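Subject: Structure handover

Hello,

Here is the structure for your files. My notes on it follow below.

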Amino acid sequence: MTRTIDRLQRDHVNIAKLLSVLERELATFDAAGSPDYDIFQSAAEYFLTYPDQGHHVGEDLVYQRLLQRDPAAAQAIGDVQQEHLALARRLQKFAEVLGNVLADVVITRTTVHD
């Protein structure tokens, strides 16, 4: 279990770094600059595949163990599976908007930013 938690913590550090890069590129976009769309596209591919294939599996395992050992602590964390589903929906929307931008579909900057 310790290795799983260590891996999850590394994942969270890496995800935070990637989100920071995305925020920097989004700031460039917001300033009417030219962000690196390859970064957006690579991030979308990563977020649409890795979390469900590896990261969320580990989080679900840890959460289930916590639920067995300390239901009150698990309840305080919230519904991890629902959070994963909500995140997946947001990521799908991100990928959809990005696909439209890359296909030169007319779309407002506000929509892209959101």
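Gln 9 is partly exposed, with a relative accessible area of 48%. Buried means under 20% relative accessible area, exposed means over 50%, and partly exposed is in between, with a 1.4 Å probe and protein chains only. Gln 9 sits in helix H1. Helices (H or I, at least four residues) and strands (E, at least two) are DSSP runs, numbered from the N terminus.

Before going on, the ground rules. This is a predicted model, in which local features need pLDDT of at least 70, side-chain atom pairs count only at pLDDT 80 or more, and totals for chains, interfaces and linings use all residues. Residues are numbered from 1 along each chain as its sequence is written, and side-chain values use heavy atoms, with hydrogens and water left out.

**Overall fold**

The protein chain has 5 helices and 0 strands. Its pattern along the sequence is α-α-α-α-α. The radius of gyration is 17 Å, well over the 13 Å that the globule rule gives for 114 residues, so the chain is more spread out than a compact globule. That radius is taken over C-alpha atoms, and the globule rule is 2.2 Å times the number of residues to the power 0.38. Along the principal axes, the C-alpha trace spans about 50 × 25 × 20 Å. Of the 114 residues, 24% count as buried.

Contacts here mean heavy atoms within 4.5 Å. Take those between residues at least 6 apart in sequence: 61% of them join residues at least 24 apart.

**Largest pocket**

How much space lies in the largest pocket? About 1,000 Å³. The search runs on a 1 Å grid over the protein atoms alone; a pocket is an open set of points where a 1.4 Å probe fits, with protein on both sides within 12 Å along at least five of seven lines, and lining residues have an atom within 4 Å of a point. Points are joined across faces, edges and corners, and the volume is the space filled by probe spheres set on them.

The lining has 35 residues, and the closest to the pocket centre are Leu 19, Phe 47, Leu 87, Arg 90 and Leu 91. At least two lining residues come from each of H1 (2-30), H2 (37-69), H4 (80-102) and H5 (109-113). H4 gives the most, with 11 residues. By type, the lining divides into 22 nonpolar, 7 polar and 6 charged. Nonpolar covers Ala, Val, Leu, Ile, Met, Phe, Trp, Tyr, Cys and Pro; charged covers Asp, Glu, Lys and Arg; the others, Gly among them, are polar.

**Nonpolar core**

The largest nonpolar core has 8 residues: Ile 15, Leu 22, Phe 40, Ala 43, Ala 44, Phe 47, Leu 91 and Leu 98. Such a core is a set of buried Ala, Val, Leu, Ile, Met, Phe, Trp, Tyr and Cys residues joined through side-chain atoms within 4.5 Å. H1, H2 and H4 each supply at least two of its residues. H2 has the largest share, 4 residues. Ala 44 is in contact with Phe 94 and Leu 98, leaving aside neighbours within four places in sequence.

**Pairs across the chain**

Glu 45 is in H2. It is partly exposed, at 49% relative accessibility. Its C-alpha lies 8.2 Å from that of Ala 95, 50 residues apart in sequence.

Met 1 is in the segment before H1 and is partly exposed at 37%. Residues up to four places away aside, Met 1 touches Leu 61, Val 62 and Arg 65. Met 1 and Arg 65 are 9.6 Å apart, C-alpha to C-alpha, and 64 residues apart in sequence.

Gln 68, in H2, is exposed at 66%. The C-alpha atoms of Gln 68 and His 113 are separated by 40 Å, at 45 residues apart along the chain.

**Backbone points**

Most residues other than glycine have a negative phi. Ala 32 has a positive phi of about 65 degrees. It lies in the loop between H1 and H2 and is exposed, at 56%. Asp 104 also has a positive phi, near 60 degrees. Its place is the loop between H4 and H5, and it is exposed at 68%.

Best regards
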